[in-house]
Amino acid sequence: MANLDAVRASGEMVGERRVVTILFCDVKGSTTAAEQLDPEDWTEVINGAFERMIRPVYQYEGTLARLMGDAILAFFGAPIAHEDDPQRAVLAGLDIVAAIAPYREQVKLRWGIDFSIRVGINTGLVVVGAVGSDLRMEYTALGDAVNLAARMEQTAQPGTVQIAHDTFRQVKDLFEFEALGSIEVKGKAEPVPAYRVIGRKMQMGRQRGIEGLYADMVGRETEMLALANITTDLKQGVGRIVCILGEAGLGKSRLIVESHKVFRSVVGDAGNWYETGSLSYETSHAYGLFYRLIRRVHGINYDDSLATVRGKLAMLLEGLPETQRSRAARVFAALLGVADESNELPQDGDTFKREMVEVMAGWWQSVFAERPTVLVFDDMHWSDAVSIELLRHLLSLTEELPLVLLCALRSEREAPAWQIKSVADEEYRHRYTELVLHPLSETDSNELLNRLLANADLPSRLRASVLEKAGGNPFFIEEVVRALIDNGVVVAEERIADGVARRFWRATSENSDFTIPDNLQTLLAARMDRLEEATRGTLQAASVIGRSFHRRVLGVVDEAGPELDKHLGTLLRLDLIREAARVPEIEYMFRNPLTQEAVYKTILVKRRRAFHGRVGEAIEGLYKDRLEGFFGLLAHHFAIAGQRDKAIAYARLASQQAVSLYAYEEALQNLRGALDLITPEEISEIHALLLEESADVHALLRDIPQAISLNQQALEIERGLEAADPVAVLRQHCKIVQLVNEAKWNMTLEDYQQVREAGLVSQDELEQMLVAVADRPPQAETIRGLAVLSLNAWRNLVPPDWEKAQAFAQAAVDQAEQLGQPVVLARALGALANVLDGRSRLRDHVQVAQRRLELSEDTMGYDAVERIDALSGAGMARMYVGDYEQALLVLREAEALAAKAQSVGKQVAALGLQGQCLFRLDRWDEVLATEEKWRDLEKRYSRRRVGATCFAVALSASVHALRGDLDQAHRYGKESADYMIAVSGSMEEWQRNQFY
């Protein structure tokens, strides 16, 4: 309660977004009862009810938000979050019901009226904070989750606790339930499942793992070997003290489960294993650790009647030496809350503590002396101080008894339980083993993911995102996988493999974004809530900057001033952040990506926008001389800040930068982010430009249908502008025709025919526009249009119109000569070289190709594609005139440059031409070596990226035939023919060229 009171007293309950568990409780039948009583009497009755309704809320550190006539609203998770808030809310609800029952009987006897209460609970995202006006303010929660909790209360039966499904998912392993089916809720399209809480289970364990999935433990081989050795020694009567240390989710509890299996296999029924855990809401329950241990060892249930508890306590005492029974009766009665029936005077505190040590030591000696025993104390970081002090005195019994004390706790030095680790290490080192758990390595994390989702087909981006977010924490990995399954991002399907039906997991999307599960959100929020308000504000500001953040940027964004380094020091000590670099400047990083997300999600959207704007402006000011390293980040911050123009400008720069590094997917991601800021119906130049730039990147990825579609959308917007730019319209038509030209022989006939229809429309438009500007000075776009029409005339017309093709190409060269731009002239020469090749004018072809190659050297710095095409064109021209060695030199350069540019289709084309040269030189082994290269590319990339490999397949078939391997040659020949038919419809329609 101290933390909660401190936050309330500070007046700093700032509005935040939180996952909270909401509890509604009202008095059923209050209207009728109130009518029968004087107002003063009814006030006394309802105040008594309120006292019993409110006390459990405070006991479990909930917040009483409102008193409403005959009802209360409380929530768990704000302003202080606990990782088990849903459990606390349900326990509070059960305690309310239990406390009201005897009070109800009192009211009946005194006033002759009857009433009951009902409790409704739900968990979900809300906004919590001060709500109201200057006239009246209150701290409360708002959101749909509150409405659903109210609906749970309204539909609950009197005297029961009813919860919604989101709460049920988090506490289903801790309580007994009755499923109630689905309940209609106003404003929701689908009914909501509801459950009645019957009571808590005898053994309340924490929920771990994913229902229906199981994964063997990964990465804890050393720890398991140590525990196995300890178990073997225990079988021989040797006692030990073991501390398992690690942060939440690293696998302490799982290690205990696996250790129990080893114990059963080594010791079996000849030994005892007793397991108990401390509870976060009972840290002030004196001797709570031993209270739970006694119940566990002697089978005393929480719902046992007083008479039953007394009976089991009597049996416990009979097992003790007779001389100890009297003192033990007093101690155990006090621990179990059973009235002491002796008439002895009460003891003072020190005497009771001494007697407690003696009685517990005697109990352990009588119960654990004969059989090898393991006592497991899980979550000891939550243990109360007096329990720890008592346990410290009992550590010496491991010297006498066949007893292992297995203690699992977090590395929290301020917790009382840390004494056990310290004392054991200092005074019982010969019997002490310490196992410190660290995050899993990337390899082990990936292996755990594979074991959880056996037979999984996950996109690399999604897999990488899961592993990156989880940060090596096994529990986080499990919960993220659970979230993916619950949200339908990963689905199971049954397939037949080797005649056996097996479950396979398939991703429905490559999207690597997913929501943090509620239980992780609350777990991480609980860590954050331990911070002072100012330090918490620094952490929130840092979370807006990102997973990593520079000290200088945070200094501008945060309002901590001179206190900033103090706050950062606190965050470092709590292991929420770590120092990532000091050179060239101080940089920090969140220890775990999910922590950064969880902190960020607590900030109200309005405050986030302001923060993001300040971050963007800080980066612009601090790094104005080297902004190129921040383009994507600036686009992100200004987009969320609502500064659209800046966000789009930086997104375009980030995309251009990504294209220059051949990171095409990243380029598209930046452009998609910019397009998301524009409404689909907006008619503007920037909208058209973003669509066109997206089309260009799709073209680089050889996704020709999508590229054409985006160019068509850009074209429609260009036409809709008040002052349409004819050059921009011409450019769109040119690009569409060019894409259709490139599509032939690289996709199926059906797909090609669809894009060809778009090409025919743009071809006509392009020809008309070029005629209209024929008497104007040359421009790069008109020259490009002529070159594209030249290629179209021989590649897509049936039969090829070589005269038309040469006329377009020559006109392009003539205009390019006048324009005087090397890259434009090089492209025009490429168009002319293709025509000369097709018309078998081989010497002219070589001369034009060589001139193009020389010009391309000047364009290489900013047009790598033109350089690759020039190299391949020159190699092909030299091959046709028999200059194979020189052809191989330039073709290998083309291959290397295409590989660097990730232009897979051009890489395969260069390999195919190399194969032809090698074949004509009778270097057959090298022909097959080129095949290995493009076969590898076929495995790693889609067919649309690789392009036509049927030429190379046919060449390899010829090599196998010449070597006498006719079966292999036949298989290769069929593969080549099948591909040709797939992209042309028939062999007769296959492209006409000299080398087929």
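**Helix packing and nonpolar cores**

Helix α3 crosses α4 in a right-handed sense in this predicted model. The two helices span residues 39–59 and residues 85–111, respectively, and their axes come within 8 Å, crossing at roughly 160°. Because angles over 145 degrees count as roughly antiparallel, α3 is roughly antiparallel to α4. On the α3 side the contact is formed by D41, E44, V45, G48, A49, R52, M53, P56, V57 and Q59, which meet A92, D95, I96, A99, I100, Y103, Q106, V107, R110 and W111 of α4. By class, this contact of α3 with α4 comprises 12 nonpolar, 3 polar and 5 charged residues.

The crossing of α28 past α29 is left-handed. Residues of α28 in the contact are I704, A707, I708, N711, Q712, A714, L715, E718 and R719, and among their partners in α29 are A728, V729, H733, I736, L739 and V740. The contact of α28 with α29 divides into 11 nonpolar, 4 polar and 5 charged residues.

The largest nonpolar core contains 68 residues, of which L539, F549, V553, L554, I577 and I619 touch the most other members. Beyond its neighbours within four places in sequence, L539 contacts M528, L531, L571, L576, I577, F590 and V599. Another core, of 52 residues, lies apart from the largest one and includes V309, A328, I388 and L394.

Conventions. Residues numbered from 1 in each chain as written. Predicted model: local features only at pLDDT ≥ 70, side-chain atom pairs only at ≥ 80, totals over all residues. Heavy atoms only, no water. Core = buried A, V, L, I, M, F, W, Y, C linked by side-chain atoms within 4.5 Å. Buried < 20%, exposed > 50% of the residue type's maximum accessible area, 1.4 Å probe, protein only. Contact = heavy atoms within 4.5 Å. Axes fitted to C-alpha atoms, helices over the stretch in contact; angles between N-to-C directions. Helix = DSSP H or I, 4+ residues; strand = E, 2+ residues; numbered from the N terminus. Parallel < 35°, antiparallel > 145°, perpendicular 65-115°, else oblique. Left-handed = near helix turned anticlockwise from the far one by under 90°. Nonpolar A, V, L, I, M, F, W, Y, C, P; charged D, E, K, R; others polar.
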